[in-house]
Amino acid sequence: MVHLFTILGFAPELCLWVRLFLTDRRVALQLNGESMPKVMLNHGTPQGSPLSPILLAIYTTPLLRIAKSWKFHSLSLYVDNGSIFATGATHIAATTRAAKALEDVTDWLTRSGLKIDPTKMEYISFQPRRPCVATMGSPISNLRLRLPGGRVVLVRRFSSV
């Protein structure tokens with residue numbers, strides 16, 4: 001995060017403040033009224049901090065720059081949620097673009113120390129009211145996602161999101 005802040009041209013004082021904010025935090029958990037020993041945290045942002053979404057938005061700026069170069073598909077992010085929109089003349093073309101974009105995103109997230117939760121993914125496809133199946137083909141039932149490391153996950157198609 002501090003390296004990115006430096007690259008983006010933030011003042012050195014702010015970069016130092018971010019480093020201090022993100023390191024040497026002590027956290028104590030309490031379960032069923034019993035306090036656990038304090039643990040040191042040197043990664044992530046504090047849960048519930050109003051700065052967390054702002055820092056995440058800045059942190060994902062390079063990903064949005066990558067998505068800006070895409071043709072016929074785009075990426076939209078909101079805090080820790082995202083949507084990929086892809087278009088195509090056929091269902092296969094649109095689904096292939098969406099899957100490729102999703103792989104680009106998961107690769108970037110992995111390289112950046114973040115990860116996705118495939119169990120929370122949803123895939124939906126839209127078509128004209130009177131689609132020409134001969135031209136467009138049938139909707140694809142699953143989006144195949146290749147995760148970093150080679151694992152393949154199928155994201156099921158839903159009729160609504």
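This note comments on selected side-chain contacts and surface features of the structure.

1. Basis of the comments. The model is predicted, and the points below should be read with that in mind.

2. Aromatic pairing in helix α2. Three aromatic pairs are present in the structure. One of them joins W17 to F21 in a stacked arrangement, with 5.3 Å from centre to centre and 10 degrees between the planes. Both residues lie in helix α2, where W17 and F21 are four residues apart, about one turn of the helix.

3. Charge over a ring. R156 places its charged end over the ring of F158, at 4.3 Å from the ring centre.

4. Side chains of opposite charge can pair when their charged atoms come close. The structure has three salt bridges. One of them is formed by K100 and D104, whose closest N and O atoms are 2.6 Å apart. Both partners lie in helix α5 (residues 91-111), with a spacing of four residues, about one turn of the helix. K100 is classed as partly exposed because its relative accessibility is 46%. D104 is likewise partly exposed, at 22%; the cut-off for buried is under 20%.

5. Contact between E103 and R146. A salt bridge joins the side chains of E103 and R146, at 3.7 Å from N to O. This pair links distant parts of the chain, since E103 lies in helix α5 and R146 in strand β7 (residues 142-146), 43 residues apart. E103 has a relative accessible area of 16% and is therefore buried, whereas R146, at 34%, is partly exposed.

6. Contact between D107 and R146. R146 also forms a salt bridge with D107, and here the closest N and O atoms are 3.4 Å apart. Because R146 is in strand β7 and D107 in helix α5, the pair ties together parts that are 39 residues apart in sequence.

7. Which residues are linked in a network of salt bridges? The network consists of E103, D107 and R146. R146 contacts E103 and D107, while the salt bridge of K100 is with D104.

Terms used
Residues numbered from 1 in each chain as written. Predicted model: local features only at pLDDT ≥ 70, side-chain atom pairs only at ≥ 80, totals over all residues. Heavy atoms only, no water. Phe/Tyr/Trp six-rings, centres within 6.5 Å; stacked < 30°, edge-to-face > 60°. Helix = DSSP H or I, 4+ residues; strand = E, 2+ residues; numbered from the N terminus. Lys NZ or Arg CZ within 6 Å of the ring centre and 35° of its normal. Salt bridge = Lys/Arg side-chain N within 4 Å of Asp/Glu carboxyl O. Buried < 20%, exposed > 50% of the residue type's maximum accessible area, 1.4 Å probe, protein only.
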